[in-house]
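Please read the following with the sequence and the model side by side, and find each residue in the structure as it is named.

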Amino acid sequence: MRGTRRTRVCLAGVLTASVLSGTPAAVAAEPAEGRLTDLVNPFIGTQDEGNTFPGAAVPFGMVQLSPDTGHSTGYDYSQHLIRGFSLVHLSGVGCAIGGDLPVLPTTGDVTRTDYAKYAAGFSHGDEQASPGYYRVGLDSGIRAELTATARTGVQRYTFPATDQANVLLNAAQSLHKPVSGEIEILDDHTVRTRITGHGFCRDTAPYTVYTVTRFNRPFTAYGTWNGTAITPGSRTGAGGAYVRFDTTRDRTVEATTALSYVDPHGAEVNLRTEGGRSFDTVRRQARDAWERRLADVRVQGGDPTLRRTFYSSLYRTFLAPNVGSDADGRYTGWDRRIHRAKGFTYYQNWSLWDTYRTQAQLLALLAPREARDMALSVLKVDEEGGWLPRWGYGTVETNIMTGDPVTPFLTTAYQLGLLKGHEERAYRALRKNADGVPPAANPGIGREANAEYLADGFAPYLKGRPHTKVGDSDYDHGASVTLEYALSDAMLAQMARDLGHGADAARYATRAQNYRTVFDPSTGFFRARDAAGAFTGNPDPARGIGFHEGTAWQYQWLVPQDLPGVISLIGGEQATNRRLDSFFAYDKLLADPARTAREVWVHGNAYAYYNAAVYNPMNEPDLIAPYTYLSTGQPWKTTDVVHAALTLFTDGPTGMTGNDDLGTMSAWNVLSSIGLFPVQPGYSTWGLSTPVFDRVDVRLDRRYWPSGGFTVTAPGTSAADRYIQRARTDGTDYRRTYLTTGSLRSLRSLAFTVGSRPSEWGTSPEAAPPALR
């Protein structure tokens, strides 16, 4: 995906092995004893700004215990010093956050308190990771091992024979901006901390985490530090603490650290509930939890690299959102008060601008119980904090990104049956968000440009407008914000109609057409408009202004509610197909798809968002774009583009397309590999393309999916034979290029016949996904 990437790939999604120096030991040739966890490589995405982490976590766990090597989000594969093993990491985010309580084993006298200075060297040759487990040999001769439960991180350190075996616990340093740290040695086994920080792209309101760490053996000595001043024998400090052991005979030290976002009592409750087990027991239970998750999707066919890439993506999809409530159900709400979750688990960490496009739908399929609780948690944010979130971290709003991503996130939950009994509750929150803006005292931005959007039909581009709240401003990105608001209006209109709110439905459906207000006929592309309504900025669609992390070329397809309308604006199907072919460099793609993906589509690093007239597979705005061909009478080209994009996912550290953004890109890989993709995010439409596996068996929870699962088959699918000739659903010919959620609920089999040439399948006008009215 990047210019520095050195990988070898084959045609149209059939991936060959990565050519990487020092590929981690986590990459196995085949799963031992049929374990799917052995196919997962947690190091994928840890280099070139994939920003993933290799450490230990369980599905959706509060704790992600992982090494920090100095990168802003934790771990960078190209670095070779570990500052500590810290408790909190978000997979694939683009700004620094987490890294709370870095812990590092050392030997000898404790003389330094800056973790960048006492960091330990290591080699990838002595490093290993698998789901729920991480191990590394440090240059100091210490072996560190990590595993986790939902709310605890468990460490095992094997020291050389010494009477000065130390464990350093640093409460004052992290990946975010620390505000304060307090540490207290409670007894000869236990250390407690209170850590307050803020950050994530901007200076958010502060949040606090509480930890308690219990060791399996008594300390022989201890001390604390404040700044650079170290005080042996002290029990309290504002910086950190060290505890010492004699390992001349017993060389192993184990410790369990429990985390809470509520209070010290919450950390104790979590420790009592989930602690007390040996390291090996916790490791085995974590692996089993991951095995159960991964086993819901079984694939056959494809080469080993393709399967490793697939299951590694499936693994990352389940890393977030994260449990936010303690074992007793208490959690800190967005009103900064303590609440208790009743009948559900409270979750937090909401990268909604990213996840509403792919991960929300995949979790609704494979983890509907958790996805239901996630949706209910978002509603709790509204009820307790006063407004729906945009990008929430822990207990605070960051307001990162723009538009209205919470609407398609929640309407997805509604359309997929996760909000039964809560439909009107959700609708009220969404209507409030769609028709207003948060009050000045509320930290949220909501639809910041809603006043102008409701009055004029578009969000104006007002660069430099005074911004009174933390985060990104919708006024800086008026063109793309208009498209995002209109998309959300379309999805809310469908929900309103279903619930019997006819007047609202008509109003939102009308607003869903507001994408037309930013279409400039003189250029044939969307453009930003200023406060007076005039089109503004460079007319070149690759160099215009007012688009968030993208260009007019990339955003022109973000109208999934009305692609027929967009096609008409462009000039019809033929003109649209010519533009799509140019956008995807289709002639070059046919000649060499993998090279086109790497050298034409990817034109810089992960943050090269602008000045491009081609598809950007590394970022969210045009993740749906390859499926536009389903609406232009050329569905085979969707397969060509999707399979080329899949070559960007490889099984080494550089094998991630841009930031993973809490599972967004990984979910794209999983869904596109299966051949079933949510082409109208927030609604019930699943576009079809050729799977990359001969067979995929998907097991579903019957409480939400009555069929209990379905099977997708495409015998002989390959780079040469990748075009759909025929499709059948439960044995009956199927000619449309999409399925609905309603049909998916009863589906048992989706069977594709593939061949070497495009066919007439899916080319009739009635085969295309319909516009939403």
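A polar contact is a pair of N or O atoms within 3.5 Å, where within protein one atom must be able to donate a hydrogen and the other to accept it, and where residues adjacent in sequence count only if both atoms are side-chain atoms. This is a predicted model, in which local features need pLDDT of at least 70 and side-chain atom pairs count only at pLDDT 80 or more, while totals for chains, interfaces and linings use all residues. Residues are numbered from 1 along each chain as its sequence is written, and side-chain values use heavy atoms, with hydrogens and water left out.

With that definition in hand, one may turn to Asp730. The side chain of Asp730 has a polar atom 2.9 Å from the backbone nitrogen of Arg748, and the side chain of Asp730 also reaches the backbone nitrogen of Ser749, at 2.8 Å. Contact means heavy atoms within 4.5 Å, and, not counting residues up to four places away in sequence, Asp730 touches Ser746, Leu747, Arg748 and Ser749. Asp730 lies in the loop between strand E32 and strand E33 (732-733); helices (H or I, at least four residues) and strands (E, at least two) are DSSP runs, numbered from the N terminus. At 39% relative accessibility Asp730 counts as partly exposed, on a scale where buried means under 20% relative accessible area, exposed over 50% and partly exposed in between (1.4 Å probe, protein chains only). The C-alpha atoms of Asp730 and Gly755, 25 residues apart along the chain, are separated by 21 Å.

Strand E32 (723-729) leads on to helix H17, because the buried residues of H17 pack against E32 as well as against H14, H15, H16 and helix H18 (664-674). Helix H17 has twelve residues and reaches 17 Å from its first C-alpha to its last, close to the 16 Å expected at 1.5 Å a residue, the expected span being 1.5 Å times one less than the number of residues. Eleven of the twelve residues of H17 are buried, so this helix is largely enclosed by the rest of the structure. Among the buried residues of H17 are Pro635, Lys637, Asp640, His643 and Leu646.

The aromatic side chains come next. A pair of aromatic rings is described by the distance of the centres and the angle of the planes. Rings of Phe, Tyr and Trp (its six-membered ring) pair if their centres lie within 6.5 Å, and planes under 30 degrees apart count as stacked, over 60 as edge-to-face and the rest as tilted. By this rule the count comes to 37 aromatic pairs. In one of them, the rings of Phe547 and Tyr555 have their centres 5.6 Å apart and their planes at 35°, so the pair is tilted. Both partners are buried, Phe547 at 5% relative accessibility and Tyr555 at 0%. The rings of Tyr627 and Phe677, by contrast, have their centres 4.5 Å apart and their planes at 5°, so this pair is stacked. The pair links distant parts of the chain, 50 residues apart, with Tyr627 in the loop between helix H16 (593-601) and helix H17 (635-646) and Phe677 in strand E28 (residues 676-678). Tyr627 counts as buried at 2% relative accessibility, and Phe677 is likewise buried, with a relative accessible area of 0%. One aromatic cluster is formed by Phe525, Trp553, Trp557, Phe583, Phe584, Tyr586, Trp601, Tyr615 and Tyr629.

Two rings also carry a charge above them, in the sense that NZ of Lys or CZ of Arg is within 6 Å of the ring centre and within 35 degrees of the ring normal. The charged end of Arg507 sits over the ring of Tyr508, 4.6 Å from its centre, and that of Arg529 sits over the ring of Phe458, 4.4 Å from its centre.

Some details of the backbone deserve a look as well. The peptide bond from Ala320 to Pro321 is cis, with omega near -5°, and Pro321 lies in the loop between helix H3 (304-317) and strand E19 (322-323). Ala585, a residue other than glycine, has a positive phi, near 50°; this alanine is found in the loop between helix H14 (573-583) and helix H15 (586-591) and is buried, with a relative accessible area of 12%. Asn611 is not a glycine either, yet its phi is positive at about 60°, and Asn611 lies in the loop between H16 and H17.

Finally, where is Thr152 placed? Thr152 belongs to strand E8 (residues 152-158) and counts as buried at 0% relative accessibility. The side chain of Thr152 makes a polar contact of 2.6 Å with the side chain of Thr149. Leaving aside neighbours within four places in sequence, Thr152 is in contact with Val63, Thr256, Thr257, Ala258, Asn270 and Glu274.
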